[in-house]
Amino acid sequence: MAFEIKKTKQKKETIYKTLYLPKALADRIQKIADDNDTSFNNVVVSMIEACLNGDET
């Protein structure tokens with residue numbers, strides 16, 4: 001599923017959650033973040049939003 005990485009925007013209310021990810025998956029997400037000059041967290045949030053919204057862009 002394709003997704004669009006969101007631009008960093010004004011801070012919204014957030015909460016802290018811990019995720020345990022396989023190292024290989026975390027490495028892939030970090031590469032996407034590096035390639036798009038953004039944070040690991042922003043990529044993960046963008047992916048989750050795209051999946052929950054059913055975006056196919």
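Helices (H or I, at least four residues) and strands (E, at least two) are taken as DSSP runs, numbered from the N terminus. The structure is a predicted model, in which local features need pLDDT of at least 70, side-chain atom pairs count only at pLDDT 80 or more, and totals for chains, interfaces and linings use all residues. Residues are numbered from 1 along each chain as its sequence is written, and side-chain values use heavy atoms, with hydrogens and water left out.

The protein chain contains 2 helices and 0 strands. Helix α1 covers residues 23–35. Its 13 residues reach 18 Å from first C-alpha to last, close to the 18 Å expected at 1.5 Å a residue. The expected span is 1.5 Å times one less than the number of residues in the helix. Helix α2 spans 40–53. It has 14 residues and reaches 20 Å between its first and last C-alpha, close to the expected 20 Å.

Just after α1, Asp 37 takes a phi of about 50°, although Asp 37 is not a glycine. Most residues other than glycine have a negative phi. Asp 37 lies in the loop between α1 and α2. Its relative accessible area is 73%, so it counts as exposed. Here exposed means over 50% relative accessible area, buried under 20%, and partly exposed in between (1.4 Å probe, protein chains only). After α2 comes Gly 54, with a positive phi near 70°.

Buried residues account for 16% of the 57 residues in the protein chain. The largest nonpolar core has 5 residues: Ile 5, Ile 29, Ala 33, Val 43 and Val 44. In soluble globular proteins, nonpolar side chains tend to be buried together.

Within α2, the buried residues are Asn 42, Val 43, Val 44, Ser 46 and Ala 50. Their cover includes α1. Of the contacts in the protein chain with a separation of 6 or more, 67% are between residues 24 or more positions apart.

Salt bridges number 2. The rule requires a side-chain nitrogen of Lys or Arg within 4 Å of a carboxyl oxygen of Asp or Glu. Lys 23 pairs with Asp 27 at 2.8 Å, N to O. These residues are 4 apart in α1, so about one helical turn separates them. Lys 23 is exposed at 61% relative accessible area, whereas Asp 27 is partly exposed at 40%. Lys 31 pairs with Asp 35, with the closest N and O atoms 2.9 Å apart. This pair is also 4 residues apart in α1, about one helical turn. Asp 35 is exposed, at 54% relative accessibility.

The accessible surface of the protein chain comes to about 5200 Å², and carbon and sulfur atoms hold 54% of this area. Areas come from the Shrake-Rupley method with a 1.4 Å probe; for residues, only the protein chains shown count as cover. Leu 19, Leu 21 and Leu 25 form a nonpolar surface patch with about 260 Å² of accessible area together. Patch residues have over 30% relative accessible area and no salt bridge; like charges are joined within 9 Å, and nonpolar side chains (Val, Leu, Ile, Met, Phe, Trp, Tyr) within 5 Å. Leu 19 sits in the segment before α1 and is exposed, with a relative accessible area of 58%.

Notes
Contact means heavy atoms within 4.5 Å. A nonpolar core is a set of buried Ala, Val, Leu, Ile, Met, Phe, Trp, Tyr and Cys residues joined through side-chain atoms within 4.5 Å.
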